[in-house]
Amino acid sequence: MSDQVLIGLYSLIAGGSVGIAGLLALRVLRHRSIAVHVTVLLVVTVAAVAAGVITVATAMFLSPHDLQVVLLTVAAAVVVSLGVGIAFGRRLAAAAVWSAQARENEQRLETGRRELVAWVSHDLRTPLAGLRAMAEALEDGVVADRHTVAEYHRRIRVETDRMTHLVDDLFELSRINAGALRLTLARVPLADVVSDALAATAPLAATRGVRLVAAESGWPVVRASEPELARVLTNLLINSVRYTPSDGTVHVEAGHDQDNAWFAVSDTCGGIPAADLPRVFDVAFRGETARTPGEAGGGLGLAIVRGLVEAHGGRVAVDNTTIGCRFVVRLPVGA
């Protein structure tokens, strides 16, 4: 057997052994990240080459000096190859993960856009049809007595206000999603914001027979944009009041820990179905239980809450309690 064949055979055996070990390692690590897989592949590739060179060099019975030179050369090549390969492999893995996340976000946004368009079309069609019918009735003189005319005027105003609020919510949500929201941060006493939000929600609560209760102490001073923070609180309060039955209670409290200031709005609505909890803050989501189109609002309030809170660097979450649900907003102390 010629020397070339022997050299090739030794290299194949050495490299194949390393390759088999690499396959076993990849199988064991199959649930790990892309970066780990790329690193293992680089190590196996370089190790296979090094094993082949070292095996052949040893089999050729080189002098100790020549063998040392070969080993040092291989070691230097291994270090450089692994260093460069791992560095670029990490970048490749990060780019792959980013690309996958970007695709998922794009699909999620596209799905949300389609749902929003369908929802807006549905929610605008009903009040517009009613406005048109009432306007035509007034124009054609179908209704003439003063009481009915006044009632039509009142209903037109109510529907117009409702559509105005809907358009305002859409505009606010578009600013948040487009990254056009600009916050003017300042030290804001949370107690003052809560007091104003309770005053704004009081008429709705009185109409529905819901009690509004706020903690007497524990209100921190937060660094936030006051108008947006007031919008967050008002939206949470209105949402809780709408879904709390008569004689129920909506409670507001606050506090702070080492890293966050927080405030919470709790109600006695009976809770949210577990399947709906992950979607509560989705655009146009209203759920099914105890929700009717005439009373449930536009379905944008909680989506706006999440957008405004995240714009402050905070987070909002909801959990069920024994008698209702509890929304908690956390803002970083240094926000």
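Helices (H or I, at least four residues) and strands (E, at least two) are DSSP runs, numbered from the N terminus. This is a predicted model, in which local features need pLDDT of at least 70, side-chain atom pairs count only at pLDDT 80 or more, and totals for chains, interfaces and linings use all residues. Residues are numbered from 1 along each chain as its sequence is written, and side-chain values use heavy atoms, with hydrogens and water left out.

**Stop 1: the whole chain**

Show the protein chain as a cartoon. It holds seven helices and seven strands. From the N terminus, the order is α-α-α-α-β-α-β-β-α-β-β-α-β-β. Of the 335 residues, 30% are buried. Buried means under 20% relative accessible area, exposed means over 50%, and partly exposed lies in between (1.4 Å probe, protein chains only). Now think about contacts, meaning heavy atoms within 4.5 Å. Among contacts between residues at least 6 apart in sequence, 70% join residues at least 24 apart.

**Stop 2: strand E5**

Select residues 260-266, which form strand E5. Seven of its seven residues are buried. Colour one face: Asn 260, Trp 262, Ala 264 and Ser 266.

Two strands pair if DSSP finds at least two bridges between them. Strand E4 (residues 249-256) pairs with E5 in the antiparallel sense, over six bridges. Pick His 256 and find Ala 261 in E5, its bridge partner. A hairpin of three residues links E4 to E5. Strand E7 (residues 325-332) runs antiparallel to E5, joined by seven bridges. Val 265 stands opposite Phe 327 in E7.

**Stop 3: Asp 247**

Move to the loop between H6 and E4, where Asp 247 sits. Is Asp 247 buried or exposed? Its relative accessibility is 58%, so Asp 247 counts as exposed. Check the backbone too: Asp 247 has a positive phi of about 70 degrees, although it is not a glycine. Most residues other than glycine have a negative phi.

**Stop 4: helix H7**

Select residues 301-311, helix H7. Its buried residues are Leu 302, Ala 303, Ile 304, Val 305, Gly 307, Leu 308 and Val 309. What covers them includes helix H4 (146-177), helix H6 (226-243), strand E6 (315-320) and E7. After H7 comes Gly 313, with a positive phi near 80 degrees.

Next, show H4 beside H7. Axes here are lines fitted to C-alpha atoms, for helices over the stretch in contact, and angles run from 0 to 180 degrees between N-to-C directions. The H4 and H7 axes are 10 Å apart, at an angle of about 35 degrees. In H4, select Asp 169, Glu 172, Leu 173 and Ile 176; they meet Ala 303, Ile 304, Gly 307 and Leu 308 in H7. The contact has five nonpolar, one polar and two charged residues. Ala, Val, Leu, Ile, Met, Phe, Trp, Tyr, Cys and Pro count as nonpolar, Asp, Glu, Lys and Arg as charged, and the others, Gly among them, as polar.

**Stop 5: helices H5 and H6**

Finish with H5 (residues 190-208) and H6. Their axes come within 9 Å and cross at roughly 30 degrees. That makes H5 roughly parallel to H6. Angles under 35 degrees count as roughly parallel, over 145 as roughly antiparallel, 65 to 115 as roughly perpendicular and the rest as oblique. Select the contact residues, including Leu 190, Val 193 and Arg 208 of H5 and Glu 226, Leu 229 and Arg 242 of H6. By class, this contact has 13 nonpolar, two polar and three charged residues.
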